[in-house]
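Hi,

Here's the structure I promised to pass on. Have a look around it first, and then read my notes below.

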Amino acid sequence: MRAMVFHGPGDLRAEELPVPEPETGELVLRVDAALTCGTDVKTLRRGHPVMIPKVPTVFGHEFAGTVTAVGAGVRGVREGDRVVAANSAPCGACRPCLAGRSNLCDDLLFVNGAYGEFIALPPRLVAKNVVGLGPGLPAARAAFAEPVACALLGIERARVESGQTIVVFGAGPLGCLLGMVAAARKARVILVGKSGWRFARVRGLGIGECLDATQTDDVVAAIRAATGGSGADVAIDATGRPEVWEQAIDATGRGGNVVFFGGCAPGTSIRLDTRRAHYEELTLLGAFHHTPELIRRAVDLMESGVLVPDDLITHRMRLDAVRQALDLMAEGNALKVLIEP
Ligand SMILES: [Zn+2]
Ligand SMILES: [Zn+2]
């Protein structure tokens with residue numbers, strides 16, 4: 001089979017590999033749809049010690065497919081079933097898992113391999129984080145399950161309620177999904193982005209109000225002005241930049257919640273106004289990854305039509321064009337690229 005194999009930072013190769021055979025407890029899928037992700041762009045540039053602990057590995061982590069082979073001992077799944085799989089599976093036995101926070105599992109098993117014609121899913125993933133798809137849910141949409149589940153976690157942590165004003169910093173695919181999930185909860189959404197091809201495209205999606213950070217010298221003041229001076233009920237950073245984390249705090253009103261959704265470079269830090277944090281009771285929250293429950297909820301929301309992220313797909317490409325697809329993402333000239341092997 002053809003596959004795009006990651007050998008280390010900057011080193012992505014098109015290779016011919018054997019089609020995997022399922023071991024006990026495993027499933028083999030034909031990948032019907034894979035999606036590019038900002039994490040792929042980052043990982044290709046500098047590697048990813050958590051998601052990709054060892055190389056070489058087939059690259060990519062957002063995908064949906066059709067079961068082509070079922071390993072011994074797997075129940076409830078048959079050849080020909082259409083499924084989506086998360087890119088990780090928690091152990092179910094550690095302290096965070098037992099406390100219902102399996103996104104923080106001490107032993108999260110990561111799975112890569114979306115950019116190949118076939119993928120073998122390891123037993124723990126098969127047992128915990130593979131979801132069957134109804135006939136009305138196309139593979140290209142189902143492949144959004146992972147990023148949608150991440151967005152659900154962020155919105156959940158923020159306790160977004162109807163009528164609140166949610167400001168999302170960053171208008172990439174995850175910023176958009178956070179906005180869409182918040183809008184589905186009947187919140188007012190303000191997306192903060194930077195002018196360019198991508199932000200123009202996002203404006204056209206009608207997710208919420210769009211604030212161009214390059215058109216003002218004080219984004220925080222612009223947000224305060226747009227909220228009658230009071231600031232956002234919830235501000236979410238989806239850029240992973242420390243200076244934007246600070247803006248998110250500054251743009252949040254009294255009693256508000258700030259969610260640090262975008263991961264910053266290691267070793268960075270932010271300043272915090274202790275007076276505001278205390279007297280204005282700001283709640284500062286991290287949000288990382290997803291849980292099996294949220295993967296299922298993501299599939300349900302897409303299946304029922306509450307959330308239809310299809311418009312975030314701006315390009316379609318073949319497997320051997322993954323590199324170009326990731327370059328387009330890096331240049332800000334694509335939201336999601338659909339890879340059809
Ligand atoms: Zn992703
Ligand atoms: Zn665990």
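Let's start with H1, where the cover over the buried residues includes strand E2 (11-16), H6 and H12. Buried means 20 or more other C-beta atoms (placed from the backbone) within 10 Å of a residue's own, exposed means 12 or fewer, and partly exposed is in between. Helices (H or I, at least four residues) and strands (E, at least two) are DSSP runs, numbered from the N terminus.

A word on what you're looking at: it's a predicted model, so local features need pLDDT of at least 70 and side-chain atom pairs count only at pLDDT 80 or more, while totals for chains, interfaces and linings use all residues. Residues are numbered from 1 along each chain as its sequence is written, and chains are lettered from A and ligands numbered from 1 in the order in which they are written.

Back to H1. Which of its residues are buried? They are Gly38, Asp40, Thr43 and Leu44.

On the H1 side the contact is made by Gly38, Asp40, Val41 and Leu44, and on the H12 side by Leu326, Met329 and Ala330. (In contact means C-beta atoms, placed from the backbone, within 7 Å.) By class, the residues of this contact are five nonpolar, one polar and one charged. Nonpolar covers Ala, Val, Leu, Ile, Met, Phe, Trp, Tyr, Cys and Pro, charged covers Asp, Glu, Lys and Arg, and polar is the others, Gly among them.

Next, find helix H5 (residues 145-157), which packs against helix H6 (residues 173-184) at about 60°, with their axes 9 Å apart. H5 and H6 are therefore oblique to each other. From H5, Pro147, Val148, Cys150, Ala151, Leu152, Gly154 and Ile155 take part, and they meet Pro173, Leu174, Leu177, Leu178, Val181 and Ala182 of H6. This contact has twelve nonpolar residues, one polar and no charged.

H5 packs with helix H11 (residues 292-303) too, at about 110° and with axes 8 Å apart, so H5 is roughly perpendicular to H11. Here Ala145, Val148, Ala149, Leu152 and Leu153 of H5 meet Leu294, Ile295, Arg297, Ala298, Val299, Leu301 and Met302 of H11. The classes are eleven nonpolar, no polar and one charged.

Helix H9 (residues 242-250) has Val244, Trp245, Gln247, Ala248 and Ile249 buried. They pack against strand E11 (165-169), helix H8 (219-226), strand E14 (232-237) and strand E15 (252-260).

Now zoom out. The domain assignment, which is automatic or from a database, gives domain 1 (2-147 + 289-340) and domain 2 (159-286). Their C-alpha centres lie 28 Å apart, and twelve residues of domain 1 are in contact with 13 of domain 2. The domain 1 side of that contact has six nonpolar, four polar and two charged residues.

Most residues other than glycine have a negative phi, and most peptide bonds are trans.

- The bond from Val55 to Pro56 is cis, with omega near -5°; Pro56 sits in the loop between H1 and strand E4 (57-58).
- Lys186 isn't a glycine, yet has a positive phi of about 65°. You'll find Lys186 in the loop between H6 and strand E12 (188-193), and it is exposed because 11 other C-beta atoms lie within 10 Å.
- His289 has a positive phi as well, near 65°, in the loop between strand E16 (283-286) and H11. His289 counts as buried because it has 21 C-beta neighbours inside 10 Å.

Last stop: Glu340, in strand E18 (residues 336-340). Is it buried, exposed or partly exposed? Partly exposed, because it has 13 other C-beta atoms within 10 Å. Leaving out residues up to four places away in sequence, Glu340 touches Ala33, Arg316 and Arg318.

Happy exploring!

Notes:
Axes fitted to C-alpha atoms, helices over the stretch in contact; angles between N-to-C directions. Parallel < 35°, antiparallel > 145°, perpendicular 65-115°, else oblique. Contact = placed C-beta atoms within 7 Å.
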